[in-house]
Amino acid sequence: MKAAARAGRLLAGRAAAAVFDALVPAACIGCRRGVAPDGAPLCALCRSRLPRLANPRCPRCAQGLGNLAAAAGELVRCGTCEEWPEILVAADAPFAFEGLAARTVRALKYDRWRSLAPWMAARMAPGAEAMASRLGEVAPWLIPVPLTPARQRERGFNQAGELARALAELGVGSLGPFLDRRPGGSRQAGVRGALRRANVQGRFRLCAGLPEERRSAIIVDDVLTTGATAIACAETLAEAGFRSVATVSFARTLLPLNPSREESE
């Protein structure tokens, strides 16, 4: 009976999300002006205002280097990713998590505007393809960061799963839902420093049906902040025999350069 009830709630959540998608007005996320129903979710002016991540960037975690690189006179790492495990080799995102980019993420994640995912994934695809080349893979596994079962039922879908599926449809790689998320922990939104790492430590586990070919993978998420979630996922994949992992997201939170040890964990 409990299983049937859970299945019923899951189906109801999915049905509600589908109805919402059908009812969302064809309006720009940024200015609410009308846009074509089958076109971009932002008008041309708002698209030009999306906050792109500026160069130079850290070659490992995509953190903006700003004056740090100018002072060094060469390409340097930012220091925020120095404690990342060796298996997590690279990260990329097209936009900074602020302004219209943050609003777009929230529209997908909290307002359940699932039709945003293909457009967002198309912006992520060039970076994901570049990372695939860096990993030496023509078509790496695209592994979405999973939600807890309760969050999945509440939301009716997984925003990272929608982005990963859209990237797979664009030919970036093969969809690989190889991770589950154990119940527990708290929301990552608004949490800083070592607490982010503690929230996700040990929360991920491997699913049945892992492929025999496990050389490399790209973890897909909506936002990259400290990398705590990507680290936890990468360490779990390492246990399964994956040798190198990268992560791609739609937006990246800009962190203070040369943070304290506590902030970088």
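Good morning. I begin with Ser249, which lies in strand β8; strands here are DSSP runs (E) of at least two residues, helices are runs (H or I) of at least four, and both are numbered from the N terminus. The model is a predicted one, in which local features need pLDDT of at least 70 and side-chain atom pairs count only at pLDDT 80 or more, while totals for chains, interfaces and linings use all residues. Residues are numbered from 1 along each chain as its sequence is written, and side-chain values use heavy atoms, with hydrogens and water left out.

Ser249 is buried, at a relative accessible area of 2%; buried means under 20%, exposed over 50%, and partly exposed in between, with a 1.4 Å probe and protein chains only. Its side chain reaches the backbone oxygen of Ala251 at 3.0 Å.

I turn now to the aromatic residues. The structure holds three aromatic pairs, meaning rings of Phe, Tyr and Trp (its six-membered ring) with centres within 6.5 Å; planes under 30 degrees apart count as stacked, over 60 as edge-to-face, and the rest as tilted. Phe95 and Phe250 form a tilted pair, 5.0 Å centre to centre with 55° between the planes. Phe95 belongs to strand β2 and Phe250 to strand β8, so this pair ties together parts that are 155 residues apart in sequence. Both Phe95 and Phe250 are buried.

Trp141 and Phe178 make an edge-to-face pair, with 5.0 Å between centres and 70° between planes. Where Phe178 is buried at 6% relative accessible area, Trp141 counts as partly exposed at 22%.

Finally, Phe95, Trp119 and Phe250 form one aromatic cluster. Thank you.

Conventions
A polar contact is a pair of N or O atoms within 3.5 Å; within protein, one must be able to donate a hydrogen and the other to accept it, and residues adjacent in sequence count only if both atoms are side-chain atoms.
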